[in-house]
Amino acid sequence: MSEKKYDIGLMGLAVMGQNLVLNMVDHGFDVAVFNRTTSKVDDFLATEEARSKGDKLTGAHSLAELVSKLKSPRKIMLMIKSKDAVPAPELALYPDAAAVDAVIAELIPLLDKGDVIIDGGNTQFKDTERRTKYLANLGIRYIGTGVSGGEEGARRGPSMMPGGDPEAWPLVKPIFQAISAKVGPNKDVPCCDWIGARGAGHYVKMVHNGVEYGDMQLISDAYWILKNALGLSNADLYKIFAEWNETELDSYLIEITRDIFTVEDPESDGELVDKILDAAGAKGTGKWMSQLALDLGVPSTLVTEAVYARAISSMKSQRVNASAVLSGPVGAKYQGDKAEFIAQVKQALYASKICSYAQGFVQMQAAAKEYDWSLDCGKIALLWRGGCIIRAVFLERIKEAFDKNPNLENLLLDPYFKNAVESAQPAWRNVVKTAVELGIPTPGFTTALTYFDSYRSANLPANLIQAQRDYFGAHTYFRVDKPGEGPFHTDWINVKKS
Ligand code: NBP
């Protein structure tokens, strides 16, 4: 009798890998697993849940054994630690390769032309661009896929953003779409579809994470101003976030924020949230998005501000010292109507969130041009509708906006979002004004409003910047009264002055 062959192999049995494997088996696929530390293969297969899967799950103790157990064309998914971009011109020759490069180098001699390697980690898209091209030359198909939703998503249905070699997509599509989250009235639309060539999937996943940074900062701004300007308790905050979650703000992050306010400290009195050190960590995808926005020259100010907000939060001891030295408003309360102000904070949060998503889509469109991908923004919004950390009802509206106009320059120009932001505007301005007056930092709300005001300004003070640049560096300028002519330069010192 010939040995049983498996539909897919997965390497990397940490939290994401284990849960994805169980999810795949639940959807009818036969899976072979491997891990660098091979004892983890045995430990995993010995768990009650893995044992309950019978012969639909098998282990391997080497990459060669894993490869030998797979149906052809073989599909091998890596769920291993990813690193920053590394310039590895020749994967097999790169001496100090990142984990993914090292595993790929080991896999190459074991594979046949047409086999597929999938990287499901949070990889920098430039690595995926490089690896897709390199492996295509060897006849091996490569996919870099974003997987979002954490442990629970991996087990019950993640949002997946695959990109790479388009010939590989039909081979993994049935598996990926089966295991991904489903949305729509009949819960049958998968939150997984082809994003585009080479690194497009990992780029979109990075923007997802950057938008997540923005959402988290905006929610924290709302929390901070409600707590400090109104003196609200965690019980009050729970009620407010519970109400907001029944509105257009309905989302996973608002939902978990609501619940966080109810969790008691297991070690002493009060709620746990108040005992957590106010120093936020980061793994780097927000920073990548911000760096790449600068490279493209697009203003993704929400993610950048959110990264900086985490940076300043982590300077805890400096902030404690500075708080004793630098004076400014402290502890003053909002004097107006409390209920009205709560409603205004909600409007500020919603309008700022719209700006944040507008920036994310602008960055993806700019990246698509720069890196030669064809991105469908409506489809991307739908993929984020379920399974992932930023899942939200509001993404349906974004999908509708891009379906109506696939070339929409900015989400703020779509009639639905234009009306939403315009009607939120007076409240948003009052919240920012109040935060400034009371000395309460709300970096997300403030930077979003600045973006909105800059974007809607036909004229900005950049004429003065151009004058300065031309004055000290002969950088030239164009004239408003001579369109199509120029550039011009002026001898600013020896010219007639008024
Ligand atoms: P980790 O990111 O903690 O990675 C642990 C896995 O990587 C283990 O299987 C480990 O093997 C393996 N590994 C390491 Br570390 N170095 C290796 C190397 N040089 N060669 C081969 N294997 C190596 O696991 P995770 O949290 O499950 O995440 C997996 C991927 O998914 C990561 O890229 C992560 O960024 C991404 N991701 C994670 C989440 C999340 O919520 N955790 C969400 C979305 C995406 P060992 O057992 O031998 O040490």
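Where in the predicted model does proline 487 lie? Proline 487 is found in the segment that follows helix H20, a helix made of residues 462–473.

View 1. The peptide bond that joins glycine 486 to proline 487 is cis, with an omega of about 10°. Most residues other than glycine have a negative phi, and most peptide bonds are trans. Threonine 476 is partly exposed, because its relative accessible area is 23% and buried residues are those under 20%.

**View 2. Lysine 75 is a buried residue without a salt bridge.** Lysine 75 belongs to strand S4, which covers residues 75–78. The nearest side chain of opposite charge is that of aspartate 7, and it is 6.6 Å away, whereas a salt bridge needs a nitrogen and an oxygen within 4 Å of each other. The side chain of lysine 75 does reach the backbone oxygen of proline 73, at 3.0 Å. When neighbours within four places in sequence are left aside, the residues in contact with lysine 75 include Asp7, Ile8, Gly9, Val116 and Ile118. Leu70, Leu171, Val172 and Ile175 are also among the contacts of lysine 75.

View 3. Proline 73, whose backbone oxygen is reached by the side chain of lysine 75, is found in the loop between helix H4 (63–68) and S4.

**View 4. Arginine 198 has a positive phi.** The phi of arginine 198 is near 45°, a positive value in a residue other than glycine. Arginine 198 is found in the loop between strand S10 (196–197) and helix H9 (200–230). With a relative accessibility of 18%, arginine 198 counts as buried.

**View 5. Glutamate 49 and arginine 155 meet in a salt bridge.** Side chains of opposite charge can pair when their charged atoms come close. For glutamate 49 and arginine 155, the distance from N to O is 2.7 Å. Glutamate 49 lies in helix H3 (residues 48–51) and arginine 155 in helix H7 (residues 150–156), so this pair ties together parts that are 106 residues apart in sequence. Glutamate 49 is partly exposed at 36% relative accessibility, while arginine 155 is buried, with a relative accessible area of 8%.

**View 6. Lysine 346 forms a salt bridge with glutamate 248.** The closest N and O atoms of lysine 346 and glutamate 248 are 3.3 Å apart. Since lysine 346 lies in helix H15 (residues 338–371) and glutamate 248 in the loop between helix H10 (234–244) and H11, the pair ties together parts that are 98 residues apart in sequence. Lysine 346 is buried, with a relative accessible area of 14%, whereas glutamate 248 counts as partly exposed at 28% relative accessibility.

**View 7. The loop between H11 and H12 holds aspartate 278 and valine 263.** The side chains of aspartate 278 and arginine 319 meet in a salt bridge, with a distance of 3.3 Å from N to O. Arginine 319 lies in helix H14 (residues 316–325) and aspartate 278 in the loop between H11 and H12, so the pair ties together parts that are 41 residues apart in sequence. Arginine 319 is partly exposed at 27%, and aspartate 278 also counts as partly exposed, at 36% relative accessibility. Valine 263 is found in the loop between helix H11 (252–260) and helix H12 (285–296), and valine 263 is partly exposed, with a relative accessible area of 39%. Together with Leu272 and Ile276, Val263 forms a nonpolar patch on the surface, and these residues have about 240 Å² of accessible area together.

**View 8. Aspartate 414 makes a polar contact with lysine 404.** Aspartate 414 has its place in the loop between helix H17 (394–404) and helix H18 (415–438), and aspartate 414 counts as buried at 4% relative accessibility. The polar contact between the side chains of aspartate 414 and lysine 404 is 3.2 Å. Not counting residues up to four places away in sequence, aspartate 414 touches Ala401, Lys404 and Leu408.

Conventions: Residues numbered from 1 in each chain as written. Predicted model: local features only at pLDDT ≥ 70, side-chain atom pairs only at ≥ 80, totals over all residues. Heavy atoms only, no water. Helix = DSSP H or I, 4+ residues; strand = E, 2+ residues; numbered from the N terminus. Buried < 20%, exposed > 50% of the residue type's maximum accessible area, 1.4 Å probe, protein only. Lys, Arg positive; Asp, Glu negative; His and termini not counted. Polar contact = N/O pair within 3.5 Å; in protein donor to acceptor, adjacent residues only side chain to side chain. Contact = heavy atoms within 4.5 Å. Patch = residues over 30% accessible without salt bridge, like charges linked within 9 Å, V, L, I, M, F, W, Y side chains within 5 Å. Areas by Shrake-Rupley, 256 points an atom, 1.4 Å probe, with all protein chains shown as cover.
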